[in-house]
Amino acid sequence: MFNQVLILFCTLLCLVFTGTCGIQHLERAGENLSLLTSFYFCIVTFSTVGYGDVTPKIWPSQLLVVIMICVALVVLPLQFEELVYLWMERQKSGGNYSRHRAQTEKHVVLCVSSLKIDLLMDFLNEFYAHPRLQDYYVVILCPTEMDVQVRRVLQIPLWSQRVIYLQGSALKDQDLMRAKMDNGEACFILSSRNEVDRTAADHQTILRAWAVKDFAPNCPLYVQILKPENKFHVKFADHVVCEEECKYAMLALNCICPATSTLITLLVHTSRGQEGQESPEQWQRMYGRCSGNEVYHIRMGDSKFFREYEGKSFTYAAFHAHKKYGVCLIGLKREDNKSILLNPGPRHILAASDTCFYINITKEENSAFIFKQEEKRKKRAFSGQGLHEGPARLPVHSIIASMGTVAMDLQGTEHRPTQSVGGGGGSKLALPTENGSGSRRPSIAPVLELADSSALLPCDLLSDQSEDEVTPSDDEGLSVVEYVKGYPPNSPYIGSSPTLCHLLPVKAPFCCLRLDKGCKHNSYEDAKAYGFKNKLIIVSAETAGNGLYNFIVPLRAYYRSRKELNPIVLLLDNKPDHHFLEAICCFPMVYYMEGSVDNLDSLLQCGIIYADNLVVVDKESTMSAEEDYMADAKTIVNVQTMFRLFPSLSITTELTHPSNMRFMQFRAKDSYSLALSKLEKRERENGSNLAFMFRLPFAAGRVFSISMLDTLLYQSFVKDYMITITRLLLGLDTTPGSGYLCAMKITEGDLWIRTYGRLFQKLCSSSAEIPIGIYRTESHVFSTSEPHDLRAQSQISVNMEDCEDTREVKGPWGARAGTGGSSHSRHTGGGDPAEHPLLRRKSLQWARRLSRRGPKQVGRAAAAEWISQQRLSLYRRSERQELSELVKNRMKHLGLPTTGYEDVANLTASDVMNRVNLGYLQDEMNDHQNTLSYVLINPPPDTRLEPNDIVYLIRSDPLAHVASSSQSRKSSCSHKLSSCNPETRDETQL
């Protein structure tokens, strides 16, 4: 560029100098022009102005002027064209990042194959969300030309001063030199996940990582890999995130811990918790506030939160820190050990040199502390409780963090009147019997400063097999297969973390892994014939990739009871190879079947009517489309079809683009979805990184996009522990002594605990478990105006009558939906073709009934619209009956029993309400009534518990502290029977 400008300048100088000297010399025979006048004449002539005040008088000078003009017309345009071309190329490639700036400023380099606007904005929003990164510059090194959308974004003043785009390849040292890679603070290398051949995309990423490591060996590398088998090629990188490993492990945990994908996504996104605070909906404000919780770290000796607990047990510190400050201590790291331990248990004694990891709205350094208010609270507490003394009385210290949480005195709960019913049965939240009667509220045992070995020793799952014993009567004649605990003998790829799992004592033959075909070892050809005790988990994928192995391992981990194990069916478009079958043949109850999710016969053969969870994995062949955001079209339509055919099935879907989640379980004329869309746009305008969080499918954990986890790699630049903690939560890594993520359900008998803070104390004192959040499902009436509400209530009552008249039941429905009703026996008939004439025959009777009621309730004008609403309801009921008939006819054609199929039309009122409460059933009978589910991360201690709440727990490692004597193991297991009892399946299952 500089050389071309120099050439142009020299060309102009030569033309002007030659013309000036030639005109002045030749005009000596004429008017004898001066040198200045000749120079003035040349400038006016070459600039095409031509005033005419100075002209050559003799023919030699006139001939020279003609020659000079011709030369200028040929030479100057060529030089200007070359200059403009170089300028445009410089604009495309971005030029250079100067050495002076690289030495005086901090910058990071982002290497990508192709830069999309979504990827760019995710990176910039997450990277610059941290205050200490505001002075950093981002240099983008991309081999392709900048597209229009990216160019438009980078022209915004906010980004134009921070982001530098360089067109070049990471494999060329010249381009790495232009980006000043050797002076960079970090290099992020991202894979192109939209490529059809994901293995080829990984190969390109590996070469880029090698090239950067060769050119700048001291530059920290942050690498994203798509397939797990390619991970070991970049093990030299400082931080590596494998997409398929995280994706499949997260989808697996979604089946046993609802909305794990939403929980992890919210944890790895940077947010201040301001989303939804201006919304009139209470759940949106609370959900948005709790979404601001993130994982932070601090040295214990420097912490105001935790330094007072030096020498105390981990569980004691976790409970009291949450009680006083609203922070949730989840793990720590010893100074002499690089391993991070999640919930190491009550036997772990805290030291000043430990690094504590906690969940909170903001990190401790940014928290404001108030001393005087808590000091007064402390004095009042001691003055009112001076008569009660005992070992359970623990001091309440004088700090409250300004997080919006309320510090609660849970130490003297036995001296307060009871306000809740007893219950709990044999669960770990059982109502205490020693002082739980009378006018006193049941007490909760205090969390001990030091562990009591007789009370909190976990069960030794390797030696005590009592939980896995099954009598022949329980199996109804089926042969009992004993499982063993061990490490899988065959790993499908290099670099997989060894995990202790439930295994078969002898590997199953490959022919026995095929679900829909019998063999010489067994003659079963459908899921019904196997007689599974637990509901199935079906995974629909295109190929049996090595990442699918990480879906099976978390569901077969050693800490899950044998009676909790769900059969896993892999519905694959392509036949798996022998290497994959060799890796999974050692796991119990894992089968595969060739078929597609868009084929009803395949779904029925794989046992979808006996499944509780269906996971639809995004197919690689559909990730790229001619039109952006159309890659998910087929997946969305297929899932919508299954949602209509099997409304009671919990479906988790992976999408390529997060923006497409608004089409999941789509219903036209849904005013509430429209309101959520407006809320999303408003949050995006306010600069939120989580604008999509209020979409109901995402909040409920029903939809997931792997691009949401890109922020995990970006956050690791500031929090180098986030990848490790995420892998521990997902069960991808198992560090000795580290806990694991699980869930438990709050039942009616557990509501005596009342609040989340008391639940925290109960779990810490009884089973040493750390709760980190709540998955809440609640009924919601999506009202728009008062007349609408009236029609909605009438709609509900008449729909119940529709069900009664449509099905030829022998008993009454009892109470209607508005009053809750009681449970009734399920009618096993229904769905016969003869019911369609009955439905149409009674439509006239319903219309007459509505015409008699209508004027009395809503007036004549509303009566006509009311009747039209009921006719529409009858049409929908007819459509559901037709779908039910379609499914049953296909099952009969395939020779499958139809007794297990349940359609919405065949459910009793109590069944419908139960499924709605569990979030399984979207009530299509009424567009104004629905259920919504959402995740509350680290809610305040005064949060009221509600029935059907699912509490996320970090349970300590059962094998962390195994007693040497069998006597201590037996006593500990008998004391912890409620915690380890496999019959309490609601701890990890909906």
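Predicted model: local features only at pLDDT ≥ 70, side-chain atom pairs only at ≥ 80, totals over all residues.
Just after helix α24, glycine 731 takes a positive phi of about 80°.

**Helix α24**
- The buried residues of α24 are Met722, Ile723, Ile725, Thr726, Arg727, Leu728, Leu729 and Leu730.

**The four-stranded sheet**
- Four strands form an open sheet in the order β7-β10-β8-β9, and their pairing is antiparallel.
- At the edges sit β7 (294-299) and β9 (340-342), each of which pairs on one side only.
- On average, neighbouring strands of this sheet are turned by 30° against each other, with direction ignored.
- Six bridges link β7 to strand β10 (residues 355-360) in the antiparallel sense.
- To find one of these pairings yourself, look for glutamate 294, whose bridge partner in β10 is asparagine 360.
- Helix α24 packs on this sheet, where it touches β7, β9 and β10. The direction of α24 makes about 40° with that of β9.

**Strand β18 and its partners**
- Strand β18 spans residues 611-616, and five of its six residues are buried, so the strand is largely enclosed by the rest of the structure.
- Strand β15 (residues 536-541) pairs with β18 in the parallel sense over five bridges.
- Within that pairing, isoleucine 538 has leucine 614 of β18 as its bridge partner.
- Strand β19 (residues 650-655) also runs parallel to β18, and four bridges join the two.
- Here asparagine 613 has serine 650 of β19 as its bridge partner.

**Helices α1 and α2**
- Helix α1 (residues 2-26) and helix α2 (residues 35-46) have axes that come within 8 Å and cross at roughly 130°.
- Because of that angle, α1 is oblique to α2.
- The crossing in which α1 passes α2 is right-handed.
- On the α1 side, the residues that meet α2 are Leu15, Val16, Gly19, Thr20, Ile23 and Gln24.
- On the α2 side, they are Leu35, Ser38, Phe39, Phe41, Cys42, Ile43 and Phe46.
- Sorted by class, the contact of α1 with α2 has nine nonpolar, four polar and no charged residues.
- As background for reading such lists, an α-helix has 3.6 residues a turn, so residues three or four places apart point the same way.

Conventions: Residues numbered from 1 in each chain as written. Heavy atoms only, no water. Buried < 20%, exposed > 50% of the residue type's maximum accessible area, 1.4 Å probe, protein only. Pairing = 2+ DSSP bridges. Axes fitted to C-alpha atoms, helices over the stretch in contact; angles between N-to-C directions. Contact = heavy atoms within 4.5 Å. Parallel < 35°, antiparallel > 145°, perpendicular 65-115°, else oblique. Left-handed = near helix turned anticlockwise from the far one by under 90°. Nonpolar A, V, L, I, M, F, W, Y, C, P; charged D, E, K, R; others polar.
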